[in-house]
Amino acid sequence: MPFFGNSQQDGRLEILIQWITSPCLKDVGRPQPGQENFQNWLKDGMVLYEIINSLYPEGQALVKKIQASMAFKQMISLFLHAAECYGIDIFQTVDLWEGKNMAWVQQTLVNLGGLAVAKEDGLFSGDPNCFHKKSEENPRNVSDNQLQEGKNVIGLQMGTNSGASQAGRTGFRMPCQIL
C-alpha cells in the first residue's frame, strides 16, 4: 500500500513501530514520533538486524553484527540482502541513509511483515492483522466437457443489438431538436 497522506503515513508508521517493538524482538527501544526520528532509529542498522534475524530460526541468522564505527551502511546492505533472500522487493541503502525515499523503506518493512505472516512458520511476532493478507493459490479443475459446454453459452454482450440504435439522434453538427 503506497503512502499518500500524512495521517495514513503516520498510522502505517505506528503499526510498523508496534510490530518492530513487539515482545519477541529484543529491546530495540522506540523512536520519537515523526519520519526523521524513524529514519534515525533505523539508520544504524541494528533495528533492521533484529527484525530480519527474528524471522529466522535461532542459529540460522543471515545477518551478523558488525562492530565497527563506520559499518552502518554495511549493516543496512546486509539487511537488504537478507530481505531479498527472504523474498521481498527492497529499497536502496541511500533511501534510508539519506532519507531520500522513506516511503519505500516503510513499504519494504510492511512487505516483510506481510510475508512473515504469510509463511506461517511460527517465527512472526506481533499482530498478524496489521499486515495485508497475501493471496493464496486457488486452482480450478475444469474438465474438457465443461470447457466445451462453455463455448455454447452466449454472453450477455453478444447476440443482441438493443440499445445500439441511433433513432432520434441528430446528424453530425446538427443542432438538437427541441420540441
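Glu-98 counts as partly exposed, at 47% relative accessibility; the term covers values between buried (under 20% relative accessible area) and exposed (over 50%), found with a 1.4 Å probe and protein chains only. Its partner in a salt bridge is Lys-100, and the closest N and O atoms of the two are 3.5 Å apart. A salt bridge here is a side-chain nitrogen of Lys or Arg within 4 Å of a carboxyl oxygen of Asp or Glu. By this rule the count comes to one salt bridge. Lys-100 is exposed, with a relative accessible area of 59%.

The model is predicted: local features need pLDDT of at least 70, side-chain atom pairs count only at pLDDT 80 or more, and totals for chains, interfaces and linings use all residues. Residues are numbered from 1 along each chain as its sequence is written, and side-chain values use heavy atoms, with hydrogens and water left out.

The pLDDT is the predictor's confidence in each residue, from 0 to 100. Its average over the chain is 76, and 75% of the residues score at least 70. Confidence is lowest in H1, at a mean of 73, and highest in helix H7 (residues 144-150), at 89. Over residues 1-5 the pLDDT is below 50, and this stretch has 12 contacts in the model beyond near neighbours in sequence. A contact means heavy atoms within 4.5 Å.

The chain has seven helices and zero strands. Helices (H or I, at least four residues) and strands (E, at least two) are DSSP runs, numbered from the N terminus. Of the 179 residues, 31% count as buried. Among contacts with a separation of 6 or more, 50% join residues 24 or more positions apart.

The largest nonpolar core has 34 residues, of which Phe-38, Leu-42, Phe-79, Leu-109 and Leu-112 touch the most other members. Such a core is a set of buried Ala, Val, Leu, Ile, Met, Phe, Trp, Tyr and Cys residues joined through side-chain atoms within 4.5 Å. At least two residues of this core come from each of H1 (6-20), H2 (35-43), H3 (46-54), H4 (72-86) and H6 (102-119). H6 gives the most, with seven residues. In soluble globular proteins, nonpolar side chains tend to be buried together.

H6 has 18 residues and reaches 26 Å from its first C-alpha to its last, close to the 26 Å expected at 1.5 Å a residue; the expected span is 1.5 Å times one less than the number of residues. Its buried residues include Val-105, Leu-109, Leu-112 and Ala-116. Leaving out residues up to four places away in sequence, Leu-112 touches Trp-19, Ile-51, Ile-52, Leu-55, Phe-79, Tyr-86 and Ile-88. Just after H6, Glu-120 takes a positive phi of about 50°.

Lys-43 is found in helix H2 and is partly exposed, at 23% relative accessibility. Apart from neighbours within four places in sequence, Lys-43 is in contact with Phe-72, Ile-76, Leu-96 and Trp-97. Glu-58 sits in the loop between H3 and H4 and is exposed, with a relative accessible area of 84%.
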